[in-house]
Amino acid sequence: NAILTRTNKEQHAFETACIIRGVPYARKGASSFLGSPETKAFLSYVQLATGDDHSKMQTALGEVINKPNRFFIAPDAGVTAVNDALSAYARRNGQDLKSVNPLVALGDPFFQSVLAEKLTRVRAGFKFQKAIEKLEEIQRGIGEMQANSENPQYTTKDLFDEILAMTGTVAVTDPSTGRAQFVEQTFRDSLKA
């Protein structure tokens, strides 16, 4: 079978459907599978859970901070916010930026505060506190994956399932009232959408 599309945006829907259903496919005349935003985010989670190169893990944290959607920000804003917060954390602790383990930083209240401020553009209040909670949730989830990966019975499929179970938020509009409601969405469900 062949599927012809005019834009890469259309290809992502078909590609994602193939991934979810386990259908092998090849892409011709477009960006590579590994270059797609969904694949980059997924592999970034793998890097954070199993990696030991702090520079690569820092880049990975920037890729996943808003995947699935957590902060309703522009795609590049998450990467910039993570880089700025890591720099502030390194300066505060007298460390070389390349030596900062982003998972250790993610558990630090100072780093969380700087990152939450960069992501929400506020320094206090409900939105800021929700951002802190989301950052703690990310840190716990990745920390659990990292700990589980040390277990010999923990399989690659187990890791992938945990990554796909990471949660974010999506706005759903009620057609009868026109009001938006924010509901939890897994990474897996965001791929299906």
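Trainee: Is Thr-167 buried or exposed?
Mentor: Keep in mind that this is a predicted model. Thr-167 has a relative accessible area of 16%, and the cut-off for buried is under 20%, so Thr-167 counts as buried.

Trainee: Where is Thr-167 placed?
Mentor: In strand β1, which covers residues 167-173.

Trainee: And which side chain makes a polar contact with the one of Thr-167?
Mentor: That of Glu-137, at 2.7 Å. Leaving out residues up to four places away in sequence, Thr-167 also touches Pro-68, Arg-70, Glu-184, Gln-185 and Thr-186.

Trainee: OK, switching topic. Which residues have the most contacts inside the largest nonpolar core?
Mentor: Ile-65, Phe-111, Leu-115 and Leu-135, in a core of 43 residues. Helices that each supply at least two residues of this core include α2 (37-50), α4 (75-93), α6 (109-120) and α7.

Trainee: What does Phe-111 touch?
Mentor: Beyond four places in sequence, Phe-111 is in contact with Leu-61, Val-82, Ala-85, Leu-86, Tyr-89, Ala-105 and Leu-106.

Trainee: What is the relative accessible area of Ile-132?
Mentor: 9%, so Ile-132 is buried.

Technical notes. Residues numbered from 1 in each chain as written. Predicted model: local features only at pLDDT ≥ 70, side-chain atom pairs only at ≥ 80, totals over all residues. Heavy atoms only, no water. Buried < 20%, exposed > 50% of the residue type's maximum accessible area, 1.4 Å probe, protein only. Helix = DSSP H or I, 4+ residues; strand = E, 2+ residues; numbered from the N terminus. Polar contact = N/O pair within 3.5 Å; in protein donor to acceptor, adjacent residues only side chain to side chain. Contact = heavy atoms within 4.5 Å. Core = buried A, V, L, I, M, F, W, Y, C linked by side-chain atoms within 4.5 Å.
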